[in-house]
Number of protein chains: 4
Amino acid sequence: MPRIARNVRGTLSETRRTQILEAAARVFARRGFDRATIQDIARAAKLSEGSIYNYFRSKEELLVHIPQHLVRPLFIPLVEGDVPETLGEAEEILLGVCHGMVARVQEYAPFLKVFLSALPHLSPATREHYMQLLPTYAAERLERFLREGIRRGIFRADINVEIAARLLPGMLLLFLMTQEVLLVHPIVAQGYDSIIPEAVRLFLYGATPRVLTPRPSATS
Amino acid sequence: MPRIARNVRGTLSETRRTQILEAAARVFARRGFDRATIQDIARAAKLSEGSIYNYFRSKEELLVHIPQHLVRPLFIPLVEGDVPETLGEAEEILLGVCHGMVARVQEYAPFLKVFLSALPHLSPATREHYMQLLPTYAAERLERFLREGIRRGIFRADINVEIAARLLPGMLLLFLMTQEVLLVHPIVAQGYDSIIPEAVRLFLYGATPRVLTPRPSATS
Amino acid sequence: MPRIARNVRGTLSETRRTQILEAAARVFARRGFDRATIQDIARAAKLSEGSIYNYFRSKEELLVHIPQHLVRPLFIPLVEGDVPETLGEAEEILLGVCHGMVARVQEYAPFLKVFLSALPHLSPATREHYMQLLPTYAAERLERFLREGIRRGIFRADINVEIAARLLPGMLLLFLMTQEVLLVHPIVAQGYDSIIPEAVRLFLYGATPRVLTPRPSATS
Amino acid sequence: MPRIARNVRGTLSETRRTQILEAAARVFARRGFDRATIQDIARAAKLSEGSIYNYFRSKEELLVHIPQHLVRPLFIPLVEGDVPETLGEAEEILLGVCHGMVARVQEYAPFLKVFLSALPHLSPATREHYMQLLPTYAAERLERFLREGIRRGIFRADINVEIAARLLPGMLLLFLMTQEVLLVHPIVAQGYDSIIPEAVRLFLYGATPRVLTPRPSATS
DNA sequence: GATGAATGAGTCTTCATTCAT
DNA sequence: TATGAATGAAGACTCATTCAT
């Protein structure tokens, strides 16, 4: 049935690949990589088993290609070219980044589940391939954001940018992992509307009391 | 060959079960639940395949029983009864907590891998059970630590303790997950000796300059 | 792309068939019948898989039809109408026949390999079909050659022509099979230049010492 | 059902291997390597498919191991230590050798079919291995036979023994191959009872008329 | 006629589980 | 209780053949 129009050559092929990968992602998410069968995926893609092999060489290749097709949107930069001019602006931006991150993880939770359970046991090559994409991508943007902020005196000059850019996402990760991926009852009743501001504030101002607000005489 | 003294009836049985579960945990960690075979486990336990079925009804039952035996030590408190008296002391303690956390994850990485690979097979109830242990346990201790610190004026009074107690572990989680569990090349060359102080400092003092630096009408 | 001039109706079809059969023969020779895929053959013929089925009903049909096109030259008579007048002449002719046979087997070795490996598993009808062609054809010529030789007193009158006509080719067969078809290191270092004369001499004069060479009052 | 007694450890295993290899040889002979299925072989061995893999790692391994178990008897010498004292004795012996050869090929025809069908899949090394056994073995014995005969003046002194020892088996090969292995209707109606004497006579006396018949005190 | 994507039956192989000893 | 051979269901993957375009 899925005999698709001819003219669109090349596009058809791309369409099929997407169709298959989307099905694979759904099935992997539901059953886990090892328990998902090609037949499951074929059915989900409304294709025959054989057809899948016209587009991908193996089941593992399906897994490897899922992010390329499906998760790409996951990596559309959260922090565009935004450069913070004031601290308030920085806070604004970071709140936005965090909300975006949460929304995205929520949206892609099923896939992330597969990802987590399958990855540790796949070939090192496959693992590397994935990891290049995932947290790195997000972090690189944040690094630039921090660097710009430092240049403008908004952030401490002695921050290790490389590390700090991963600390903020990390803060949310524990919540996201447990609630969205592992599907455990909410840890914190208030939800992300409380968590995110708290995280951003901690990230910007720390846990210790500001000295009378940044106003008067130095650190003393 | 594993013919163990008979007298200890009941205990022998318990010994065998432990012997098998420990082997299973090792194998699951190395290969993932679905890829681990009963033969693998039997060999690791220095028993025959058939014998395993004298103690457990199925492969899945092995999985369910693992934590009871092996994971308990993972939850020995990181933050004992420590109560911080000064900021410096607090910093000291947090550094210790973080180092402990890293060490423990490194030690239990294999088990965490089992946990992840097993996810698709765990019932929601079992998942809950695990998660109650894992980050919750650690967090509860930190909550008390923060509350005491607030009472002593070391920490901001407006901190949401419940959340903040999870933000610090979270900060490290991203590094731990990628490096220890997913086994990807180190993100940050310097290793945890750089990461942990950076995280603690950020947690305590935030990313913005302390007072008097930010001098000139910061936000203004 | 293989759109060939139309006018030659019927001939075009024949061209295509030859094109396909030649490709099939090459592929069969390289991979063996069962391991050769239609895709292999299609590629070798620079056609699509589907097109092959416009000319042949099945893969097996390809095999059956190969000799008709390709092997025919294998059967161009080795022994033309030659009639031996003297023993010396007969020897001359037989040497020529043997050299021709060797050359041909060497040329067609790849095909013979397919033939040998595929044949035992084909339908009896197909097998008969092949066998009519192969050794029979060659033998019939030799039979006439022998009969003429006997009539002229060159060969023993009590020879069973039918059998003897197959004994000479047989002599070479062992060498050809092992060296050309099975590709084993040469049995006899000297090569066919030693083997052929030896075979012909044995065929003509046998292994026992001639009594004073054929000198005296012949058989008469 | 094939649960065999325990005590014979090691022997049981060997028994099973033989049982499987014999079944495999039969099936390969009937269907060819590629067309034989593991299920066929399992059924022929009265075992389940899975059991086969307890003894051999793959289908190909079955092929490689067949000769070791089954073909050995094929190579029990045809020409014992026999040394011909007179021409008549030599003829006697050669007739015996030929009959033995035919009988053996007939007996092992199924295996030879396996061998042929498997050819494309054998590594050059394996092919060599086989071929060392097959015609070489038989030929070596004949070589000695001929040498002894020459020393006794029974055979021509100018015979190339190495070659001649392969010409006699070769003579029969064409018949054997076509009739026993390729299973084509008999070429020569009379069967081997005519063919063998004809071949031996041709080998000994050649196709040309004897001068005065071998009169002069043959061995004498 | 030519194409090549779609199909699905058929294969090898793995592995949890059973059970005779 | 321990063993490990036997089992057979299940799954990844191949490929001859069909057929819409």
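**Entry 1: one pair across the interface**

I began with the side chains of B:R35 and A:D34, which meet in a salt bridge at 3.1 Å, N to O; the term stands for a side-chain nitrogen of Lys or Arg within 4 Å of a carboxyl oxygen of Asp or Glu. I note that this is a predicted model, in which local features need pLDDT of at least 70 and side-chain atom pairs count only at pLDDT 80 or more, while totals for chains, interfaces and linings use all residues. Residues are numbered from 1 along each chain as its sequence is written, chains are lettered from A in the order in which they are written, and side-chain values use heavy atoms, with hydrogens and water left out.

**Entry 2: chain B against chain A**

I looked up the count of salt bridges between chain B and chain A, and it is two. I then looked up polar contacts (pairs of N or O atoms within 3.5 Å; within protein, one must be able to donate a hydrogen and the other to accept it, and residues adjacent in sequence count only if both atoms are side-chain atoms), and across this interface the rule finds 14 residue pairs, both residues at pLDDT 80 or more.

Next I asked which elements give two or more residues to the side of chain B that touches chain A. They are helix 1 (11-31), helix 5 (87-118), helix 6 (124-151), helix 7 (161-181) and helix 8 (192-205) of chain B, where helices are DSSP runs (H or I, at least four residues) numbered from the N terminus. Helix 7 of chain B gives the largest share of that side, 13 residues. By class, I found 38 nonpolar, 13 polar and 15 charged residues on it, with Ala, Val, Leu, Ile, Met, Phe, Trp, Tyr, Cys and Pro counted as nonpolar, Asp, Glu, Lys and Arg as charged, and the others, Gly among them, as polar.

For the whole contact (heavy atoms within 4.5 Å), I wrote down 66 residues from chain B and 65 residues from chain A. The buried area, which is the accessible area (1.4 Å probe) that two parts lose on being put together, summed over both, is about 6,100 Å² here, and carbon and sulfur atoms give 66% of it.

**Entry 3: inside chain A**

I turned to chain A, which is divided into domain 1 (1-56) and domain 2 (60-205), bounds that come from an automatic or database domain assignment. Between them the two domains bury about 1,200 Å², 82% of it on carbon and sulfur atoms, and I found zero salt bridges.
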